[in-house]
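Please look over the structure shown below. The questions and answers that follow go through its elements, its spaces and some of its loops.

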Amino acid sequence: MKEDKPIQHNHQTRRNISKFTNPVIYLLLISVSYMLGYLSSSSTHNTTTTNTTTAIQLTPPSSSTKTTTNTASSTSSIPTDSLDHFRFSARCGKAVSPELIRQTILYKLYNGTSPYNEFPPPHISSLIKQARIKGWGSKGAVFENLIRKVKPTTIIEVGTFLGASAIHMAELTRSLGLKTQILCVDDFRGWAGFRDQRFKDIQMVNGDIMLMYQFMQNVVYSNVTELILPIPFSTQSVLDKFCEWGVLGDLVEVDAGHDFHSAWSDINRAYKLLRPGGVMFGHDYFTSADERGVRRAVNLFARVNGFRVQVDGQHWVIDST
């Protein structure tokens, strides 16, 4: 009987201790886990911040001087598992011979006949001007510099508007004795509200903008119909089809949408159309949009693909060699 009492007493003691210690240990474990989690999160945040690539800040050149921006060294800052977001997976078909480019486009898009035949049609004549050639930076030194360097047989222009730069390039290639075809990719719809500004004279009939007809009239007026063909569809659909058909260019100008997403899409698709040793370039590298528009898209493309961006006046240039 005396032996039972200590046993009862010890059991009661352990039970009391258990009631006291279990919550304390539990709270201690929670506190330690919280501290470890906080420290780990802080460390990860600091590491991520340190590894983020600083945006390239450039000052626009005051004249048509060439400068080079080194973006190739920044490629390593992009995580490998993120590169899939930068890949455009379309595979291009067998390259069409340069001398067959015009014939191929006429066959694929115009039933084998020139769109300039019997142009303009009677119902359009009164709606367009004899010439309305307008562009931005359309006669910059970069055009002659690149044409002399590359000596292109095919130029693809992504974004053409009224054809000012295309006509200038046609005149340059002809003066240099080159046999060059220039394919002008544009939906010829302008942009929302463009007629509210300096282009009120571009007529509209039942919602149909006369932009393509005015472009064609400008080409006819400049006597370069054998050198320039309009491709009147969205840039994305045309560039993908050119890739599929094997319609490639030695020189590709990208100057369509100026927001980041449009420029990024056009640049990546246009790059696939470059022949070996070709050059891709475009306008508006320096604008008020800064890192939110064309420049951001160009710099990111160069980083992902290991290229350097050359600057010629307001134009950016990427040489694939």
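Q: How many helices and strands does the protein have?
A: This is a predicted model, in which local features need pLDDT of at least 70 and side-chain atom pairs count only at pLDDT 80 or more, while totals for chains, interfaces and linings use all residues. Residues are numbered from 1 along each chain as its sequence is written, and side-chain values use heavy atoms, with hydrogens and water left out. Helices (H or I, at least four residues) and strands (E, at least two) are DSSP runs numbered from the N terminus. Counted in this way, the protein has 9 helices and 10 strands.

Q: What percentage of the residues in the protein is buried?
A: A residue is called buried under 20% relative accessible area, exposed over 50% and partly exposed in between, with a 1.4 Å probe and protein chains only. Of the 321 residues in the protein, the buried share is 42%.

Q: Among contacts between residues at least 6 apart in sequence, what percentage joins residues at least 24 apart?
A: A contact here means heavy atoms within 4.5 Å. Among the contacts that join residues at least 6 apart in sequence, the share between residues at least 24 apart is 80%.

Q: Is helix α9 largely enclosed by the rest of the structure or largely open, and why?
A: Helix α9 covers residues 294–305 and reaches 17 Å from its first C-alpha to its last, close to the 16 Å expected at 1.5 Å a residue, where the expected span is 1.5 Å times one less than the number of residues. Its buried residues include V294, L300, F301 and V304, and what covers the buried residues includes α8 (260–271), β8 (274–282), β9 (309–312) and β10 (315–319). Because 10 of the 12 residues of α9 are buried, the helix is largely enclosed by the rest of the structure.

Q: Which residue just after α9 takes a positive phi?
A: The phi in question is about 75° and belongs to a residue just after the helix. That residue is G306.

Q: Which elements do the buried residues of α6 pack against?
A: Helix α6 spans residues 211–221, and its buried residues include L211, F215, M216 and V219. The helix is followed by N223, whose phi is positive, near 60°. The buried residues of α6 pack against α5, β3 (181–185), β5 (208–209) and β6 (228–231).

Q: Which residues are the closest to the centre of the largest pocket?
A: On a 1 Å grid over the protein atoms alone, a pocket is an open set of points with protein on both sides within 12 Å along at least five of seven lines, a cavity is a set where a 1.4 Å probe fits but cannot get out, and lining residues have an atom within 4 Å of a point. Grid points are joined across faces, edges and corners, and a volume is the space filled by probe spheres set on the points; the largest pocket holds about 560 Å³. Of the 32 residues in its lining, the closest to the centre are G159, D186, D255, A256 and H258.

Q: What is the volume of the largest cavity?
A: The count comes to 1 cavity of 30 Å³ or more. The lining of the largest cavity includes V254, D255, H283, V294 and W316. Its volume is about 60 Å³.

Q: Is L106 buried or exposed, and what is its relative accessibility?
A: L106 is found in helix α2 (residues 101–109), and beyond four places in sequence it touches N111, G112, T113, S114, P115 and L229. L106 and L229 are 123 residues apart in sequence and 8.8 Å apart in space, C-alpha to C-alpha. L106 counts as buried because its relative accessibility is 12%.

Q: Which peptide bond is cis, with omega near -5°?
A: P120 has its place in the loop between α2 and α3 (122–125). N111, in the loop between α2 and α3, has a positive phi of about 55° although it is not a glycine. The cis peptide bond is the one from F119 to P120.
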